[in-house]
Amino acid sequence: MNRKMMRASQANGRKLMRQGWSSFEPGPSPVGKVGDAYETWVNNLYMVFRCRDEVTEWGIVSRLMVRRNDGGTTIPWADMQRIKNELMGRERVAIQIYPAESDLVDSANIYHLWVMPDGFTMPFGL
């Protein structure tokens, strides 16, 4: 994407963000474009990619990649909670990870949520 296209995309994203939260709709196919993503949802504020599920000792964990439509760099906690609730379920637990510096990958303004299996409870909490 060239600079002109990027600016147009961000301007359109800012216009959509002023409209407020809308329902998520299926988005364009991410296959081959965003790592191992296979499903996309879009609303006025965010685009969410669901990546290949991972089998772990805790069960099957789903990874969501979330980005703002306007190219912004921050996503409020309440919005991440709402995204998790609307797309994966209100009673699912999700984790956001802050990795060791040696494992850090920070090449795009994308946030990741790992959504735990149904019925999973954290061994610690609030």
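Val 61 lies in strand β5 of a predicted model. Strands (E, at least two residues) and helices (H or I, at least four) are DSSP runs numbered from the N terminus. Val 61 counts as buried because its relative accessible area is 5%, where buried means under 20%, exposed over 50% and partly exposed in between, for a 1.4 Å probe and protein chains only. The model is predicted, so local features need pLDDT of at least 70 and side-chain atom pairs count only at pLDDT 80 or more, while totals for chains, interfaces and linings use all residues. Residues are numbered from 1 along each chain as its sequence is written, and side-chain values use heavy atoms, with hydrogens and water left out.

**Surroundings of Val 61**

- Not counting residues up to four places away in sequence, Val 61 touches Asp 53, Glu 54, Thr 56, Trp 114, Val 115, Met 116 and Pro 117; contact means heavy atoms within 4.5 Å.
- Val 61 and Met 116 are 55 residues apart in sequence, yet their C-alpha atoms are 4.9 Å apart in space.

**Overall composition**

- The protein chain contains two helices and seven strands, which follow one another from the N terminus as α-β-β-β-β-β-α-β-β.
- Of the 126 residues of the protein chain, 33% count as buried.
- The protein chain exposes about 8500 Å², of which carbon and sulfur atoms supply 53%; accessible areas come from the Shrake-Rupley method with a 1.4 Å probe, and for residues only the protein chains shown count as cover.
- Among contacts between residues at least 6 apart in sequence, 47% join residues at least 24 apart.

**Strand pairing**

- Strand β1 (residues 25–26) pairs with strand β2 (residues 37–42) in the antiparallel sense over two bridges; two strands pair if DSSP finds at least two bridges between them.
- Within this part of the chain, Pro 26 stands opposite Trp 41 in β2.
- Five bridges connect β2 and β3 in the antiparallel sense, and Thr 40 stands opposite Phe 49 in β3.
- The link from β2 to β3 is a hairpin through three residues.
- Strands β5 and β7 run antiparallel and are joined by five bridges.
- Strand β6 (residues 94–95) also pairs with β7 in the antiparallel sense, over two bridges.
- Val 115 in β7 has Ser 62 opposite it, and Ala 94 likewise stands opposite Val 115.

**Nonpolar cores**

- The largest nonpolar core has 14 residues, of which Val 48, Leu 64, Val 66, Ile 83 and Leu 87 touch the most other members. A nonpolar core is a set of buried Ala, Val, Leu, Ile, Met, Phe, Trp, Tyr and Cys residues joined through side-chain atoms within 4.5 Å.
- Two or more residues of this core come from each of β3 (46–51), β5 (59–68), α2 (77–88) and β7 (111–115).
- Helix α2 gives the largest share of this core, four residues.
- Apart from this core lies another, of five residues, including Ala 37, Phe 49, Cys 51 and Met 65.
- Beyond its neighbours within four places in sequence, Leu 64 is in contact with Trp 41, Val 48, Phe 49, Arg 50, Met 88, Tyr 111, His 112, Leu 113 and Val 115.

**Aromatic pairs**

- A search of the whole structure finds three aromatic pairs. Rings of Phe, Tyr and Trp (its six-membered ring) pair if their centres lie within 6.5 Å; planes under 30 degrees apart count as stacked, over 60 as edge-to-face and the rest as tilted.
- Trp 21 and Phe 24 form an edge-to-face pair, with 5.9 Å centre to centre and 85° between the planes.
- Ring pairs link Trp 21, Phe 24 and Tyr 46 into a cluster.
- Phe 24 counts as buried because its relative accessibility is 13%.

**Two loop residues**

- Asp 70 is placed in the loop between β5 and α2, and it counts as buried because its relative accessibility is 11%.
- The side chain of Asp 70 makes a polar contact with the side chain of Arg 68 at 2.8 Å. A polar contact is a pair of N or O atoms within 3.5 Å; within protein, one must be able to donate a hydrogen and the other to accept it, and residues adjacent in sequence count only if both atoms are side-chain atoms.
- A polar atom of the Asp 70 side chain also lies 2.8 Å from the backbone nitrogen of Gly 72.
- Gly 89 is found in the loop between α2 and β6 and is partly exposed, with a relative accessible area of 23%.
- The C-alpha atoms of Gly 89 and Asp 118 are separated by 8.8 Å, while the two residues are 29 apart along the chain.
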